Amino acid sequence: MLKDNLVMLRKLNGYSQEQVAEKIGISRQAYAKWESGATVPDVEKASRLAELYGVTVDGLLGTETADGVGVIPPAPRGKNIWGSVTLSDHGQVVIPKAVRDKFGLKPGVRLIVLSDEDGVALVPAEVFEGRMRELNRVIGTRGDA
């Protein structure tokens, strides 16, 4: 729910109610009513909140849960949380249908596996390779200084 997301996002960003209210141009009391669920922001204020927290208005209004975690904060704008998958004995993962549909992933598509200390990401090979070609083009035109 909106009120839960407002509390979570405010605390994640280290803001007080007063600071959020000031940033979006309202009183602390009005903001406190949103967090308590007594009232809700109008569309303009919801848009300001979404921008402040770097999320979409849809993400701000909706509530997502994850197994074993409970309610999770809205994903940053341009990012998604698609749910969980289970790794098979052979290292196979079934990518959720919503993800396959969104990214046009069909059988036989090549994916690049990327990672950092926290996890793994899959990127369509054509996207990754295109970005690498562009990077090499930019680096190649700069010359050595």
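Arg 137 is partly exposed, at a relative accessible area of 46%, where buried means under 20% relative accessible area, exposed over 50%, and partly exposed in between (1.4 Å probe, protein chains only). The model is predicted, so that local features need pLDDT of at least 70 and side-chain atom pairs count only at pLDDT 80 or more, while totals for chains, interfaces and linings use all residues. Residues are numbered from 1 along each chain as its sequence is written, and side-chain values use heavy atoms, with hydrogens and water left out.

**Salt bridges in the whole structure**
- A search of the whole structure gives 6 salt bridges, each defined as a side-chain nitrogen of Lys or Arg within 4 Å of a carboxyl oxygen of Asp or Glu.

**Pairs within a helix**
- Arg 137 forms a salt bridge with Glu 134, with 2.6 Å between the closest N and O atoms, and Glu 134 is partly exposed at 38% relative accessibility.
- These two residues are 3 apart in helix 7 (residues 125-142) and so are separated by about one helical turn, helices being DSSP runs (H or I, at least four residues) numbered from the N terminus.
- Arg 48 and Glu 44 also meet in a salt bridge (2.2 Å, N to O), and they lie 4 residues apart in helix 4 (residues 43-53), about one helical turn.

- The side chains of Arg 10 and Glu 35 form a salt bridge at 2.5 Å, N to O.
- Because Arg 10 lies in helix 1 (residues 2-12) and Glu 35 in helix 3 (residues 28-36), the pair ties together parts 25 residues apart in sequence.
- Arg 10 is buried at 12% relative accessible area, and Glu 35 is buried at 9% relative accessibility.
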